[in-house]
Amino acid sequence: MSSSRKEHVVICRDLCVHTQNAAILSSVFFSVAAGEFLGIVGESGAGKTTLLRLLSRRVRLQDGVTISGTGVLPPEVWLVAQENVLYDHDTPLSAVSFLHRLLYESTTEKADDEATRLLLRVGVPELVIRQRIGNVSDGISVGNRRLVNVALALCAKSKVILLDEPTTGLDSSATAELMRVVREVCHTTGCACICTIHQPSDEAVQYFDRLVAMNGGKMYCAKIPRRRWWY
Ligand SMILES: Nc1ncnc2c1ncn2[C@@H]1O[C@H](COP(=O)(O)OP(=O)(O)OP(=O)(O)O)[C@@H](O)[C@H]1O
Ligand SMILES: [Mg+2]
């Protein structure tokens, strides 16, 4: 899919976030087309989460923090935050099914079917779907928590999905499979996805349509490597 012929659903021009002492984001320019899967890599503290939080309109202005820039952003943006947001008494199935019923006024049966399909699609094991989410110490794994959050995002069918480190806790094959599924969703539904990834592997990054790198609050173009990924 060529992004150049598609409508750009996210456009950021000269985005800056400054504290009194430092630049967290520094003159960031970028755009994302409908149906595009954009990857963002960068070391810890590079500004990846700040950028996604800004795009999800979740940044509250604190004393001494200034934000500037212009751009285009649709109202329907779904953020999968770096921290998992799930209720411990839920199961993956009840969490996604509830959202489905809420958004589409579907019957319990249809919502459960759709939730099961989405959870299996992103890679939640069948045995885990009806397990209590619980706490990290006694519930489902960190990786499966991330996958449930991604399933919620896919259930919402937003125009733009922001995934902040969705692959935390996943092994390399589950990571690659999740990336493959998200790419497929972008290309088939036309939703745009911006995804940060902390420890990129060759296998995972090959699924991005485009890759950018962040460092010290600045954004740079990055090449998707064919054979080896140096990072
Ligand atoms: N509201 C704020 N006030 C002051 N500093 C902030 C604020 N928000 C973020 N920062 C700082 O901005 C920098 C970028 O943080 P951010 O969380 O965006 O990085 P990141 O690339 O997501 O890192 P990680 O890979 O660890 O998640 C960090 O040094 C952080 O401490
Ligand atoms: Mg982060």
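Two strands count as paired if DSSP finds at least two bridges between them. Strands (E, at least two residues) and helices (H or I, at least four) are DSSP runs, numbered from the N terminus.

Residues are numbered from 1 along each chain as its sequence is written, while chains are lettered from A and ligands numbered from 1 in the order in which they are written. As the model is predicted, local features need pLDDT of at least 70 and side-chain atom pairs count only at pLDDT 80 or more, whereas totals for chains, interfaces and linings use all residues.

## The open sheet and its helices

Both strands lie in an open sheet of six strands with mixed pairing, in the order β5-β6-β7-β3-β8-β9. At the edges are β5 (77-80) and β9 (218-222), each of which pairs on one side only. From one strand to the next, the twist averages 20°.

Helix α1 (residues 48-55) packs on this sheet and touches β3 (37-42), β5, β6, β7 and β8 (210-215). The direction of α1 makes about 150° with that of β6. Helix α5 (residues 172-189) also packs on the sheet, touching β3 and β7, and its direction makes about 160° with that of β7. Contact here requires that the C-beta atoms of two residues, placed from the backbone, lie within 7 Å. Angles run from 0 to 180 degrees between N-to-C directions, and axes are lines fitted to C-alpha atoms, for helices over the stretch in contact.

## The pairing of β1

Strand β1 (residues 8-18) pairs with strand β2 (residues 23-33) in the antiparallel sense over seven bridges. The two form a hairpin with four residues between them. Within this pairing, V17 has L25 in β2 as its bridge partner.

Strand β1 is also joined by six bridges to strand β4 (residues 66-72), again in an antiparallel run. Here H18 has T66 in β4 as its bridge partner.

## Helix α2 and its two partners

Two packed helices are described by the angle between their axes and the distance between the axes. Helix α2 (residues 92-104) packs against helix α4 (residues 142-156) at an angle of about 15°, with the axes 10 Å apart. The helices α2 and α4 are therefore roughly parallel to each other. Angles under 35 degrees count as roughly parallel, over 145 as roughly antiparallel, 65 to 115 as roughly perpendicular and the rest as oblique. The contact involves P92, A95, V96, L99, H100 and L103 of α2 together with V148, A151, L152, C155 and A156 of α4.

The axes of α2 and helix α3 (residues 108-122) come within 8 Å and cross at roughly 120°. This makes α2 oblique to α3. Residues of α2 in this contact include P92, L93 and R101, and those of α3 include T108, A111 and D112.
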